[in-house]
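Please find below my notes on the model you sent. They are set out as numbered points, to be read with the structure open.

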Amino acid sequence: MAKASPHAIPLRIRDLHVYYGESHAIQGVDLALEGRILSIVGRNGMGKTTLCNTIMGLKRARSGSINVLGREIGGLEPHEIARLGVGYVPQGRRVWRSLSVDEHLRLAARGGRDALWTVARVYQTFPRLAERRNNGGAQLSGGEQQMLAISRALLGNPHLLIMDEPTEGLAPVIVDQVAAMLTQLAEEGDIAVLLIEQNIGVATSVAENVAIMMNGRINRIMPSSELAHDRDLQQRLLGVGRHADEPVEAAPEGAGDTPERVAEVFRVVRQGQAVPLLPVETGGNIRTMRHMPNRWSLTEAELSQGVRPVPSAAKEGDESAPAILRMPREARMGRTALIVGTFDTKGRELKYLRDALRDLGVRTRMVDLSTSGKPSSADVSPQEVAISHPRGSNAVFTGDRGQSVEAMAVAFEHWIHRQRDIGGIISAGGSGGTSLATSGMRRLPVGLPKVMISTVASGQVAHYVGASDILMLPSVADIQGLNLITERILKNGAHALAGMMAGSLQSTAHEAASKPAIGITMFGVTTPCVQALTALLQNDHDCLVFHATGIGGRSMEALADSGLLAGAIDVTTTEVADMLVGGVFPATTDRFGAFIRQRIPYVGSVGALDMVNFGPRETVPEKFRGRNFVVHNQNVTLMRTTREENAAAGRWIAERLNQMQGPVRFLIPEGGVSALDAPGKAFWDPDADRALFEAIEANLQQNGQRRLIRVKAHINDADFVAALARAYREIAIPMKKRA
């Protein structure tokens with residue numbers, strides 16, 4: 001174990017940002033544990049557990065710094081962090097079911113006879129564990145498992161201890177025991193503790209200061225005594241209930257008139273069986289039923305007449321739901337379906353979607369994107385969404401409908417970016433509602449179910465879908481009221497979303513067992529290279545090939561941003577030439593942005609940068625008259641890039657590569673960049689290629705992470721393919737070992 005410097009701060013976090021796909025879970029956290037114990041409190045879903053997992057290396061940060069005992073640990077594996085002297089008590093206990101208590105403890109013990117924490121001391125601290133020393137983990141109560149998890153972490157004799165909800169599930173007497181132990185740790189001064197705790201009493205009693213976490217940020221750090229005595233502040237920031245010693249409000253007038261309900265005992269009698277006599281002592285509280293009672297409290301006659309109960313959420317695990325839609329409770333957690341739209345004009349239709357999903361047992365949450373200012377019955381009001389706009393809600397509710405809709409779309413993007421419990425999303429609307437809803441859908445990870453029921457779904461939808469995987473479902477009839485057609489279409493959309501959500505559990509299990517996925521870009525003139533490359537890598541990697549037509553590059557980067565790619569081999573960057581010169585397959589200015597943000601292994605090249613793409617020959621702008629063209633077919637015309645255009649592309653690419661913090665290898669094929677750029681071919685121009693290569697080399701800031709590699713081969717040659725594969729394997733993240 002690494003020895004801590006006596007002057008090193010146990011834990012310092014600077015500007016930490018953590019994402020789940022595009023959901024921004026940790027948003028610029030700055031924190032320093034300068035004393036012996038710091039408590040962090042906050043509502044559920046605020047990012048506390050994510051912060052713990054990131055410190056321990058179980059979750060990767062997108063940016064920021066985590067310094068433990070004077071050493072930067074960002075990027076280290078969990079076992080490396082543990083060896084530096086960081087212990088972890090995870091939420092949920094996570095004990096081995098088959099190992100006995102004593103085997104747990106002896107397996108975790110480190111530090112020898114002189115260690116502060118030994119198995120004997122654990123048994124002294126938690127006598128209940130000593131009594132249960134020969135019992136397996138599966139035979140312990142929840143409280144006993146929590147004691148074992150705490151003891152396991154202490155036996156590593158850490159310098160820094162991360163504790164996530166350590167008193168969860170413990171009896172009050174054991175909670176007091178844990179609190180006393182933490183106080184003793186603080187007094188002894190050998191272990192610093194970062195304590196995540198929902199029990200305000202424990203959090204404020206063991207630490208001098210408490211940090212309050214809200215929406216992925218540290219809202220404030222304050223003295224524990226101040227928070228402990230300010231109940232209004234606890235209610236406002238943490239949502240804790242009223243205390244037992246506070247006065248209870250008087251019951252509303254007339255409440256005493258409510259008839260008293262007494263327990264009822266039902267006796268089921270089989271058909272044809274004689275009705276037994278009722279015991280005298282039971283009085284009238286026993287009712288004999290010839291038919292089973294139902295959860296809607298309807299009589300048999302009412303049921304036979306087709307009386308429909310008020311729609312409500314099906315119970316978790318409800319066997320009445322179709323088999324394909326039955327999801328176990330653990331699968332439903334964090335799988336809420338968002339129903340989004342303009343409730344002021346489409347309220348009935350959107351609530352119909354909600355009822356259809358609830359009837360299938362899917363948890364729902366309604367989000368209102370209206371800009372009219374009318375009162376809303378949705379779970380999330382327009383004002384709550386609007387406040388997420390960078391300039392606040394005043395930027396949304398301006399009175400100008402066009403500006404308001406545009407601003408609400410921006411606000412919705414920022415709002416949905418912060419949500420962490422989304423299992424799927426569905427909306428219904430016209431062109432305005434479609435624009436609003438899909439603006440947020442595009443920000444969600446690829447693979448998360450998205451359904452847009454729209455009046456414009458049968459037309460050109462590229463600007464609504466973008467590089468995402470939104471399912472566009474034509475509404476057929478206008479979404480204006482409920483009728484035979486709209487009800488059927490809306491229900492189909494709800495069933496489609498529920499089916500995708502139910503199936504995503506199996507997809508997740510499949511993904512966990514599959515090979516790591518890598519994105520590869522290809523164009524017709526680089527096809528031989530990519531085909532040979534995938535053949536080399538397919539045994540160890542799932543090769544996803546994207547056609548570099550503008551949307552292809554964006555689709556690949558969307559997957560990278562969603563966390564679904566382990567790396568990328570960006571063979572074909574031709575979209576940059578179209579963007580800079582004015583072709584029809586342009587990249588956006590965010591090209592390479594996903595690899596700047598994600599830090600995954602990146603291997604790039606200059607495939608097809610010798611050309612700009614246009615449509616039919618007659619559509620080529622007049623300003624390019626006299627240039628070198630190749631008519632690929634009647635709908636595609638290719639134009640050779642010039643020396644100046646290649647130099648500009650090289651500078652632009654190098655500037656983007658310089659912003660990447662992950663491992664980067666960029667390969668230059670000195671023999672030509674496409675099938676048309678070879679001796680005797682139409683676009684062979686060594687001088688123009690040289691300008692491209694030299695611009696990249698002159699502007700790329702090379703270091704240990706970022707290297708330029710020149711290969712004396714054509715891009716479609718076997719030697720260049722081998723160089724690409726070798727470069728990627730050199731920087732690929734090794735598969736993590738699993739316990």
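1. Residues are called buried under 20% relative accessible area, exposed over 50%, and partly exposed in between, with a 1.4 Å probe and protein chains only. The model is predicted, so local features need pLDDT of at least 70 and side-chain atom pairs count only at pLDDT 80 or more, while totals for chains, interfaces and linings use all residues. Residues are numbered from 1 along each chain as its sequence is written, and side-chain values use heavy atoms, with hydrogens and water left out.

2. Overall figures. The chain has 739 residues, of which 50% count as buried. It holds 25 helices and 26 strands; these are DSSP runs numbered from the N terminus, helices being H or I with at least four residues and strands E with at least two. The accessible surface comes to about 35700 Å², and carbon and sulfur atoms account for 50% of that; areas are from the Shrake-Rupley method with a 1.4 Å probe, and for residues only the protein chains shown count as cover. Taking contacts (heavy atoms within 4.5 Å) between residues at least 6 apart in sequence, 68% join residues at least 24 apart.

3. Nonpolar cores. A core here is a set of buried Ala, Val, Leu, Ile, Met, Phe, Trp, Tyr and Cys residues joined through side-chain atoms within 4.5 Å. The largest has 41 residues, and Phe595, Tyr602, Val606, Ile653, Leu657, Met660 and Phe666 have the most contacts inside it. Elements that give two or more residues to this core include helix 20 (551-561), strand 21 (602-607), helix 23 (643-657), strand 25 (664-669) and helix 24 (686-699). Helix 23 gives the most, with five residues. A separate core of 35 residues includes Ile37, Val122, Tyr123 and Ala179.

4. Phenylalanine 666. Neighbours within four places in sequence aside, phenylalanine 666 touches Tyr602, Gly604, Ser605, Val606, Ile653, Leu657, Ile696, Arg707, Leu708 and Ile709.

5. Asparagine 646. This residue sits in helix 23. Is asparagine 646 buried or exposed? Its relative accessibility is 1%, so asparagine 646 counts as buried. Leaving out neighbours within four places in sequence, asparagine 646 is in contact with Leu609, Arg640, Thr641, Ala688, Asp689 and Leu692. Asparagine 646 and phenylalanine 693 are 47 residues apart in sequence, with their C-alpha atoms 8.5 Å apart.

6. Helix 25. Residues 718-731 make up this helix of 14 residues, which reaches 21 Å from first C-alpha to last, close to the 20 Å expected at 1.5 Å a residue; the expected span is 1.5 Å times one less than the number of residues. Its buried residues are Phe720, Val721, Ala723, Leu724, Ala725, Ala727, Tyr728 and Ile731. Their cover includes strand 18 (517-522), helix 19 (527-537), strand 20 (567-572), strand 21, strand 25 and strand 26 (706-711).

7. Salt bridges. The whole structure has 23 of them, each a side-chain nitrogen of Lys or Arg within 4 Å of a carboxyl oxygen of Asp or Glu. Arginine 643 pairs with aspartate 687, with 3.1 Å between the closest N and O atoms. Arginine 643 lies in helix 23 and aspartate 687 in helix 24, so the bridge ties together parts 44 residues apart in sequence. Both ends are partly exposed, arginine 643 at 33% and aspartate 687 at 38%.

8. Further bridges. Arginine 710 and glutamate 670 meet at 3.0 Å, N to O. Arginine 710 is in strand 26 and glutamate 670 in the loop between strand 25 and helix 24, so this pair ties together parts 40 residues apart in sequence. Arginine 710 is partly exposed at 34%, and glutamate 670 is partly exposed at 27%. Glutamate 77 and arginine 60 also form a salt bridge, at 3.1 Å, N to O. Glu557, Asp570, Glu575 and Arg591 are linked in a network of salt bridges.

9. Surface patch. Val476, Leu484 and Ile485 form a nonpolar patch with about 330 Å² of accessible area together. Patches are made of residues with over 30% relative accessible area and no salt bridge, like charges being joined within 9 Å and nonpolar side chains (Val, Leu, Ile, Met, Phe, Trp, Tyr) within 5 Å. Valine 476 is in the loop between strand 17 (471-474) and helix 18 (484-513), and is exposed at 70% relative accessible area.
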